[in-house]
Amino acid sequence: MTPAAGPPAEPPATGRAEAPAYRSVAVFGGIYSNHLALRVALADARARGADALFCLGDLGAFGPHPDRVFPLLREGGVTVIRGNYDDSLARGLDDCQCGYTDPRDNHYARLSYQYTFANTSPENRAWMAGLPREVRFRLGDLEVLACHGSPRQMNEFLWESATPTHFLRKLAREHCCDVILGTHTGIHWARRLGERSWYVNAGALGRPANDGSTAVWYALLEAGSAGLSVEFVPVPYDHEALADEMREERLPEEFIETIRTGWWTTCLEVLPGKERARGRY
Ligand SMILES: [Fe+2]
C-alpha cells in the first residue's frame, strides 16, 4: 500500500524514544513574515520528498502581516524552534534581541519590531511562548541539533568568514551532536567538519541573501550511504506582491528595496568584511 500524499507524517518509529529519525528534511531559516515565500517553500519541500519540515525561528520581522505565517506553519506540520524575535514577542520584551550594535541598524530593527509586535495577535504570541530553544532528531545515523543562533546562544551570529572550523567542532562535541543546524544571520552556508559532522546555516526565507537575486533560500538535507548531502534550494516567489503589501503597511522603503533587488540596505554593520563585500552597500 502506498502512503497517501499530504503534509509530512509523524516521524517513523526508530527504537530511540528520545529522538525521531528521518531520511530527508527541509530546513527553513528566518521567515520574517514572508508568508508568500513560505507558502512556495512548503510546496517545494513536499514535492522534493522531504519527510519532515523544520523552521529555525524568527517568524516575524521585516515583512508585512506577521499573523499570516502561523497557520501555514501549523497546517504544514512544521516543527518550529524559538528564535530571538519569537522569544522577544512571546515575553513582551522591548526589543528584538537581534544583537545589533550600530545606531542605524538599531533604528531599523526598532521600526521592524514595533510593527511586528503591534500586528502579532496575543494568541500567536502565546503560541511562540511554547516553542523549544532547540530540537534534536536523527537523520540516517547522524545526531542533529537544530537551534536558532548557536547551541550556546540564541542570538549568536555564525558567519561563514568569521567562524573557525575548530570552534564549530567544539560546539558539536560539547553539545553531543554530529550536525548543527542554525540560522539568525540571514545568509546560508555549510561546512563539513569531519567525516560525519556538519554545520549548516539554513539562511532565510524572509529576505534575499544579499546576492542581487530576489529568490530566497532553504536547506534540504538527505542522509545516504555516502553520508549527509546538503543542498541549498532557491525559492523564487511573487516578491513584487510582497513589496506591494509592505508599501501598503507603510514599512520602510529600504526594506522594500531589498525585497525588489536582492541587496541588503539595512542591518549591514553586523556583516563581516567578506560577507559585506559581496553586497552592493
Ligand atoms: Fe535571529
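The mean pLDDT of the chain is 93, and 94% of its residues reach 70 or more. Here pLDDT is the predictor's confidence in each residue, from 0 to 100. Residues 1-16 fall below 50. Beyond near neighbours in sequence, this stretch has 20 contacts in the model, a contact being heavy atoms within 4.5 Å. Where pLDDT is low, the predicted coordinates should not be read in detail. The model is predicted, so local features need pLDDT of at least 70 and side-chain atom pairs count only at pLDDT 80 or more, while totals for chains, interfaces and linings use all residues. Residues are numbered from 1 along each chain as its sequence is written, and side-chain values use heavy atoms, with hydrogens and water left out.

The iron ion has four donor atoms. They belong to D58 (OD), N84 (OD1), H148 (NE2) and H184 (ND1), and lie 2.1 to 2.2 Å from the ion. Donors are N, O and S atoms within 2.8 Å of the metal (3.2 Å for Na, K and Ca); water is not among the atoms, so sites may look incomplete. Angles among the donors run from 86 to 157 degrees, and the site is irregular. Four donors count as tetrahedral if all angles lie between 85 and 135 degrees; four count as square planar and six as octahedral if opposite donors are over 155 degrees apart and all others between 65 and 115; anything else is irregular. Along the chain, the spacing of the donors is D-x25-N-x63-H-x35-H. N84 sits in helix α3 (residues 84-91), and H184 in the loop between β7 (179-182) and β8 (189-192), so this pair ties together parts that are 100 residues apart in sequence. Helices (H or I, at least four residues) and strands (E, at least two) are DSSP runs, numbered from the N terminus. Both N84 and H184 are buried; buried means under 20% relative accessible area, exposed over 50%, partly exposed in between (1.4 Å probe, protein chains only).

One disulfide is found in the whole structure, a disulfide being a pair of cysteine sulfur atoms within 2.5 Å. It joins C96 to C98, with 2.4 Å from S to S. The link is left-handed, with -135 degrees about the S-S bond. C96 is buried at 4% relative accessible area, and C98 is buried at 10%. C55 is buried at 0%. Its sulfur is 13 Å from the closest cysteine sulfur, in C147, which is too far for a bond. C177 is in no disulfide either; the nearest cysteine sulfur, in C176, is 7.7 Å away.

The largest nonpolar core holds 55 residues. Such a core is a set of buried Ala, Val, Leu, Ile, Met, Phe, Trp, Tyr and Cys residues joined through side-chain atoms within 4.5 Å. F28, L38, L59, L205 and Y218 touch the most other members. Helix α1 (residues 35-47) supplies the largest share, five residues. Leaving aside neighbours within four places in sequence, the contacts of F28 include L38, C55, L205 and Y218.

A37 also lies in helix α1 and is buried, at 0% relative accessible area. Beyond four places in sequence, A37 contacts L205, V216, V235 and Y237. S33 lies in the loop between β2 (24-28) and α1. S33 is buried as well, at 0%.
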